[in-house]
Amino acid sequence: MKQIFGLIAAMMLLVSCGSVPLTGRRQVLLVSDSEVLAASLSQYDEYMKTAAKSTDRTKSAMVERVGKNIASATETYLKQNGLESELANFSWTFNLIKSDDVNAFCMPGGKIVVYEGLMPLVSSDDDLAVVVGHEVAHAVAKHSNERMSQELLAQFGASIVGAALSKKSEAIQTIGSTVFGLGTQLGVMLPYSRQHELEADYMGLIFMTIAGYNPENAVAFWQKMSDATGNSNQSDLLSTHPNDNKRIEEIRKHLPEVSKYRK
């Protein structure tokens, strides 16, 4: 009986597989888009109740301008590549938040937040496009869904695949509060894996290029981030994020390919 259940679970896991746009990497997605959006939006709404929006109109307008351009480019790519159905998952918003943290994030559904602490490193729209393109890529690649699915499997094993809807929904809400991490002392989503980060770098370069921004700015921008955060010498073994030297090296490799997306 256990063997039969294991076989059924394995088959259902295969059915639950998807692939990431642009990279084609296969991923297990056990959570529906609607469940991810419900879990993330509730966390986002709670976060925005306490977050203080920036009063800097110029920088806020910059975030919204670049955000809209990247979002439009992303939607263009999805439409042109047979992924128009994915557009229903996005309702874009762009906010600059008062915080000294050098950070930004994009929730599933296209809720983009940039912290004021990042803006001193942003000298142009091209620089900001590096950040926004990267964050939007996380959402398009469904990295949050993948991370939630991994947590479900880690906590419940293959049994979660055949769980009753009520039990699964409860588990998703619980794991969602951990995965997104909003409202905790971190105030941002928990770190993505190194694989997700490098994948978002690559996809973000393409989205910003389609939007008309210069992808070569990514090298200089991440160097500034490295100098500001001291991450260049950090070992990959000590962090889920790639160190900046490796990130810059990978970006340099992608630039010749990304150039074909220029308008």
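**Reading a sheet, its helices and the core**

Q: In the hairpin of β4 and β5, which residue takes a positive phi?

A: The model is predicted. In the hairpin of β4 and β5, Gly109 has a positive phi near 100°. Three residues lie between the two strands there.

Q: How do β4 and β5 run, and how many bridges join them?

A: The two strands run antiparallel, and four bridges join β4 to β5.

Q: What is the order of the strands in the open sheet?

A: The order is β3-β5-β4, three strands with mixed pairing. β3 and β4 are the edge strands, each pairing on one side only. On average, neighbouring strands are turned by 15° against each other, direction ignored. As for the pairing of β3 with β5, these strands run parallel and are joined by five bridges. Ile97 stands opposite Tyr115 of β5.

Q: How do I read the faces of β4: are its residues buried or exposed?

A: Start from the general idea. Side chains of a regular strand alternate between the two faces of the sheet. In this case Ala104 and Cys106 are on one side of β4, with Phe105 and Met107 on the other. All four residues are buried, so both faces of β4 are covered, buried being under 20% relative accessible area.

Q: Which helix lies across β3 and β5?

A: That is α3, which runs at about 150° to β3.

Q: Which residues touch the most other members of the largest nonpolar core?

A: Ile70 and Phe221 do, in a core of 51 residues. The elements giving two or more residues to this core include α3 (57–80), β3 (93–97), α4 (125–140) and α8 (217–229). α4 gives the most, with nine residues. Another core lies apart from it and has nine residues, among them Tyr44, Met48, Met107 and Val113.

Q: Beyond its neighbours within four places in sequence, what is Phe221 in contact with?

A: Phe221 is in contact with Leu118, Leu121, Val122, Asp127, Val130 and Val131.

Q: How many residues of α7 are buried?

A: The general idea for a helix comes first. An α-helix has 3.6 residues a turn, so residues three or four places apart point the same way. In α7, 14 of the 17 residues are buried, and the helix is mostly covered. From first C-alpha to last, α7 reaches 25 Å, close to the 24 Å expected at 1.5 Å a residue.

Q: What comes just after α7?

A: Gly212 does, with a positive phi of about 100°.

Notes:
Residues are numbered from 1 along each chain as its sequence is written. This is a predicted model: local features need pLDDT of at least 70, side-chain atom pairs count only at pLDDT 80 or more; totals for chains, interfaces and linings use all residues. Side-chain values use heavy atoms; hydrogens and water are left out. A nonpolar core is a set of buried Ala, Val, Leu, Ile, Met, Phe, Trp, Tyr and Cys residues joined through side-chain atoms within 4.5 Å. Buried means under 20% relative accessible area, exposed over 50%, partly exposed in between (1.4 Å probe, protein chains only). Contact means heavy atoms within 4.5 Å. Two strands pair if DSSP finds at least two bridges between them. Axes are lines fitted to C-alpha atoms, for helices over the stretch in contact, and angles run from 0 to 180 degrees between N-to-C directions. The expected span of a helix is 1.5 Å times one less than its number of residues.
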